[in-house]
Amino acid sequence: MIDTLTSFLPPLLADHAVVLAVVIPLTLAPVAAIMPNGRLGWLVALLGTLAAAILTIAIAGDVAQNGIISYALGDWAPPHGIEFRVDALNAAVLVLVAVLGLLGVVYALPSVADEIARDKQSLFYSAFLVCIAGLMGVASTGDAFNMFVFLEISSISTYTLVGMGAGNDRRALTAAYNYLILGTIGATFFVIGVGFLYMATGTLNMADIADRLPAIQDSRVVQAAFAFIIVGLGLKAAMFPLHLWLPNAYAFAPNFVTVFLASTATKVAFYTLIRFVFDIFPSDAPFVQVSFLWVFAVLGVIGMIAGSIQAIFQNDARRLLAFSSVAQVGYMMLGLGIGTMAGISAGVLHLLNHAMMKGALFMALGIFALRFGVRQISDLSGLARSMPATSVAFTIGALSLVGVPMTVGFWSKWYLVGAALEAGWWWAAAAVIISSLLALGYVARLLAAIWVGKVPVHRGEEVHSRAPLSMAVPLWILAAANIVFFFDLSPVLEMARAAAEAAFAGGIR
């Protein structure tokens, strides 16, 4: 059961909110699968994500008021039973996944109807519900093996969702297959690491592991476990150079899938890295300290630069933004690598901000694709004349990606540079600035095409189109958030700082 919990929910729901946020989408998945048409499948998915969003907001409020929530499944007390455990760190991730999932489902209906065969649309929404349940489970569980199980639940459903883009582009099958192979390798590394931890500690409860590891941190088994887990989770998070699955998966998946994955999947994997590095393994152990600089910081900086350079030379708009995501993951890894409260806070802040900016960008591209079949950057030419409102929303997300003042992306770079300078890492601060200038280069290509490019002859000067309302509303919620949180960053910044404090306080214990 849950330790002292107050909530705006009815008592019965409040008592079980942590597990219901996972169980409801998972239970509704087979219901969506048997729906006779896609619209009913979409309605089931909408109900599932709406319930998850309400529950996670309640959970986050309860954590802020009362501290850590511990839920023992089946009334088997941890560490012997399976536990769901939520602190300020994973509460932020739960809210992110649920809210972006809800906005994504609202956005999805016209896009899915356009890209997925009618007889497969209900199955598509079913797979999405399984995916969101898996991601919520990863962010909730306090058991290391169950984290692996939930990672695989989300991953297997994601491979399916990416592969269902084959109706539009057969390359989605290759992308899904490559994602499957690399994802399986990552999962194998992770579960081997968990096995080593079990060998060393005799337990799978993450709080129990954290209590036992300091006494045996010099063990080669523990160090091997750390190495395997970091590689496995690094692959899931698309940490450079383990990112090879990401560009094609984002480029050839259905537009709605790309929106959801870009906003949530790598963020959940990044959360698991923070959890293991700071809460489970002793962060003051020499092998962990070495990883801050030589794994997370160095690879983060290389990823920032390499991802941005690769993005500059792309002609496919979604593939360009996919390589941009590799660079953005690099910013998060740098925050982790700095290894200070300010660094982790900046990394989590960028995690939250990046979900808003990249969600808006991919939503706008999905609308362009629905109306005009846009894929290449050249296809964007002159779209501001045909779809001015969507073009403005895309521009806001793009400027936020660069870190231009008046957008929330500016604060991500500001706090990350500040954390690097506070640690004496002038080279890391310089890398953030260089990467941002490179981002300006590829963003300029997109915006120049949209705003000053000539309208193609086949489209015609007088073609005007509006985005479907169900797609425009979530797009503008995210676009507006990029502006609003620039002027009042406090809600997002407080969430990021609370997450960092929970990580340093050992919130899993």
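For the lining classes used here, Ala, Val, Leu, Ile, Met, Phe, Trp, Tyr, Cys and Pro count as nonpolar, Asp, Glu, Lys and Arg as charged, and the others, Gly among them, as polar. By that division, the largest pocket of this predicted model is lined by 17 nonpolar residues, with no polar and no charged ones. The protein averages a pLDDT of 90, and 96% of the residues score at least 70. A search of the whole structure also finds two cavities of 30 Å³ or more.

**Confidence**
- Residues 1–6 have a pLDDT that stays under 50, and the model gives this stretch 24 contacts beyond four places in sequence.
- Where pLDDT is low, the predicted coordinates should not be read in detail.

**Largest pocket**
- The space in the largest pocket amounts to about 380 Å³.
- Its lining comprises 17 residues, and V95, V99, M356, F485 and M495 are those nearest the centre.
- At least two lining residues come from each of α3 (38–66), α4 (88–115), α14 (341–372), α19 (469–487) and α20 (490–505).
- The largest share of this lining, six residues, is supplied by α4.

**Second largest pocket**
- The second largest pocket holds about 240 Å³ of space.
- Of the 19 residues lining the second largest pocket, E115, N168, N255, A369 and R375 lie nearest its centre.
- α4, α13 (317–338) and α14 each contribute at least two residues to this lining, and α14 gives the most, with four.
- By class, the lining of the second largest pocket has eight nonpolar, six polar and five charged residues.

**Largest cavity**
- The largest cavity has a volume of about 130 Å³.
- It is lined by 13 residues, of which L135, S154, S155, Y179 and A265 are the closest to its centre.
- Two or more lining residues come from each of α5 (121–140), α6 (144–163) and α11 (255–280).
- The lining of the largest cavity divides into nine nonpolar residues, three polar and one charged.

**Second largest cavity**
- For the second largest cavity, the volume is about 60 Å³.
- The lining of the second largest cavity consists of L89, A92, V93, F270, Y271, I274, V348, L351, L352 and A499.
- α4, α11 and α14 are the elements that give two or more residues to this lining.

Notes. Residues numbered from 1 in each chain as written. Predicted model: local features only at pLDDT ≥ 70, side-chain atom pairs only at ≥ 80, totals over all residues. Heavy atoms only, no water. pLDDT = per-residue confidence, 0-100. Contact = heavy atoms within 4.5 Å. 1 Å grid on protein atoms, 1.4 Å probe; cavity = no way out; pocket = protein on both sides within 12 Å on 5 of 7 lines; lining within 4 Å. Points joined across faces, edges and corners; volume = space filled by probe spheres on them.
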